Amino acid sequence: MTRTLTIRRPDDWHLHLRDGAMMEAVLPETARTFGRAIVMPNLVPPVVTGAQAAAYRDRILKALPEGMSFDPLMVLYLTEDTDPEDVARAHASGIATSVKLYPAGATTNSASGVRDFDRVRPVLEKMAEIGMPLCTHGEVTDHDIDIFDREAVFIDRVLDPIRRATPGLRVVMEHITTAQAADYVRAHDSDLGATITTHHLIINRNHILVGGIKPHYYCLPVAKREEHRQALVAAATSGDARFFLGTDSAPHPDELKEHACGCAGCFTATNTMPLLAHVFEAADALDKLEGFASLHGPAFYGLAPNDDTITLTKSDQATAFPAKIESGAGPVTVFDPGFPVYWS
Ligand code: DOR
Ligand code: ZN
């Protein structure tokens, strides 16, 4: 028995493409399926200015294999020294789609992020004025806050005060991992959206820690309890347009994942759409997949959906995804959901 599902070509509203040899390896994995992606700016050094974003965009397009089409949507990394006028110019010229707020020290390459949120107030006010969205890594970094509570505390201590102080600021809560985050989105309408990753719809914290530590399931924000995973599935499959796909596909070479101090990130670019088809089908919500992956994101960002389509196929044979992809920076393990998937 074969079953097919044709949907508008999806986009990825949160993606790490890296640079150089790693970018060359991972870019086709995304461009094969996705029309556009919001490209994270946490390179070393970070992509802070409009000029740096334009140069990074050129490098991405140069690395795109012949015959593939893909539109990278660039993001500026917010620092305490970011110039509001540079942000406004980059937005007006179409170079930058959004700005990313990393609390300093929250995750990979976030050392240049924000410590004192008052210092970025002029940038946030300018963004509210010009309608440019802010993408947030929503975790506090206070040492006394348990890592599993850092998202919920960020909402109370940072996000909600910023939103109250900056009316009209459009915010995307990136890669939400908790019921609290989904509830916060639902309680505040039009200016707020949230991305949900593929892996947070599949794993909870037991998958990382029970029966031996699984470094390829370690990412930030870290996966939470099963009840939170279920809340994310409910949000993603609800049809609510404020929730949309952002894979946070974040490649690291295996030697840096399988390490005494392993890097955070799950690499899902290769198999995201079949995994999502599985998750949505299991929730009896295959009809909601197109909204989540292909329609809600463009609507939030004020863009048209992609014109063309992709077709997902379900067969009786489990799909054999590659275990790893090769990159010039070493092999990268493809996210393994831990159960057979029949979609491709
Ligand atoms: O798991 C993650 N990996 N979370 C992030 O926020 C950053 C990302 C990366 O860049 O590796
Ligand atoms: Zn990310």
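Please keep in mind that the model is predicted. A zinc ion (ligand 2) is held by His 14, His 16 and Asp 248, while ligand 1 is surrounded by 13 residues. Across the structure there are 20 salt bridges, and several of them are described below.

**The zinc site**

- Three protein donors reach the zinc ion (ligand 2): the NE2 atoms of His 14 and His 16, and an OD atom of Asp 248, at 2.0 to 2.1 Å.
- If you like to read sites as sequence patterns, the spacing of these donors is H-x1-H-x231-D.
- His 16 sits in the loop between β2 (12-15) and α1 (20-31), and Asp 248 in the loop between β9 (243-245) and α9 (254-257), so this pair ties together parts that lie 232 residues apart in sequence.
- Are His 16 and Asp 248 buried or exposed? Both of them are buried.

**Around ligand 1**

- Of the 13 residues surrounding ligand 1, the closest are Arg 18, Asn 42, Leu 220, His 252 and Ala 264.
- The side chain of Arg 18 places an N or O atom 2.8 Å from an oxygen atom of ligand 1.
- For the side chain of Asn 42, the distance from an N or O atom to an oxygen atom of ligand 1 is 2.8 Å.
- His 137 also takes part, with a side-chain N or O atom 3.2 Å from an oxygen atom of ligand 1.

**Salt bridges**

- Glu 80 and Arg 119 join through their side chains in a salt bridge, with an N to O distance of 3.3 Å. Glu 80 belongs to the loop between β4 (71-77) and α3 (84-92), and Arg 119 to the loop between β5 (96-101) and α4 (121-130), so the bridge ties together parts 39 residues apart in sequence.
- Arg 119 is partly exposed, at a relative accessible area of 45%.
- Within helix α3, Asp 86 and Arg 89 are three residues apart, about one turn of the helix, and their side chains form a salt bridge of 3.9 Å, N to O. Asp 86 counts as buried at 16% relative accessibility, whereas Arg 89 is exposed at 52%.
- Helix α8 (residues 226-236) holds Glu 226 and Arg 229, three residues apart, about one turn of the helix. Their salt bridge brings the closest N and O atoms to 2.7 Å, and Glu 226 is partly exposed, with a relative accessible area of 27%.
- Arg 3, Glu 281 and Lys 314 are connected in a network of salt bridges.

- Glu 151 is part of helix α5 (residues 150-165). Beyond its neighbours within four places in sequence, its contacts are Gly 138, Glu 139, His 175, Ile 176, Thr 177, Thr 178, Ala 181 and Pro 221.
- Glu 29 lies in helix α1 and counts as buried at 11% relative accessibility. Setting aside neighbours within four places in sequence, Glu 29 is in contact with Phe 267, Ala 269, Thr 270 and Ile 325.

- Buried residues in α4 are Val 123, Leu 124, Lys 126, Met 127 and Ala 128.
- Which elements do the buried residues of α4 pack against? They pack against α3, β5, β6 (134-136) and α5.
- After α4 comes Gly 131, with a positive phi near 75°.
- Ile 310 is in strand β10 (residues 309-314), and at 12% relative accessibility Ile 310 counts as buried.
- Not counting residues up to four places away in sequence, Ile 310 touches Leu 5, Thr 6, Ile 7, Arg 8, Arg 9, Pro 10, Thr 33 and Met 273.
- Met 273 is 37 residues from Ile 310 in sequence, and their C-alpha atoms are 9.8 Å apart.

Terms used:
Residues are numbered from 1 along each chain as its sequence is written. Chains are lettered from A and ligands numbered from 1 in the order in which they are written. This is a predicted model: local features need pLDDT of at least 70, side-chain atom pairs count only at pLDDT 80 or more; totals for chains, interfaces and linings use all residues. Side-chain values use heavy atoms; hydrogens and water are left out. Donors are N, O and S atoms within 2.8 Å of the metal (3.2 Å for Na, K and Ca); water is not among the atoms, so sites may look incomplete. Helices (H or I, at least four residues) and strands (E, at least two) are DSSP runs, numbered from the N terminus. Buried means under 20% relative accessible area, exposed over 50%, partly exposed in between (1.4 Å probe, protein chains only). Contact means heavy atoms within 4.5 Å. A residue is near a molecule or strand if one of its heavy atoms lies within 4 Å of it. A polar contact is a pair of N or O atoms within 3.5 Å; within protein, one must be able to donate a hydrogen and the other to accept it, and residues adjacent in sequence count only if both atoms are side-chain atoms. A salt bridge is a side-chain nitrogen of Lys or Arg within 4 Å of a carboxyl oxygen of Asp or Glu.
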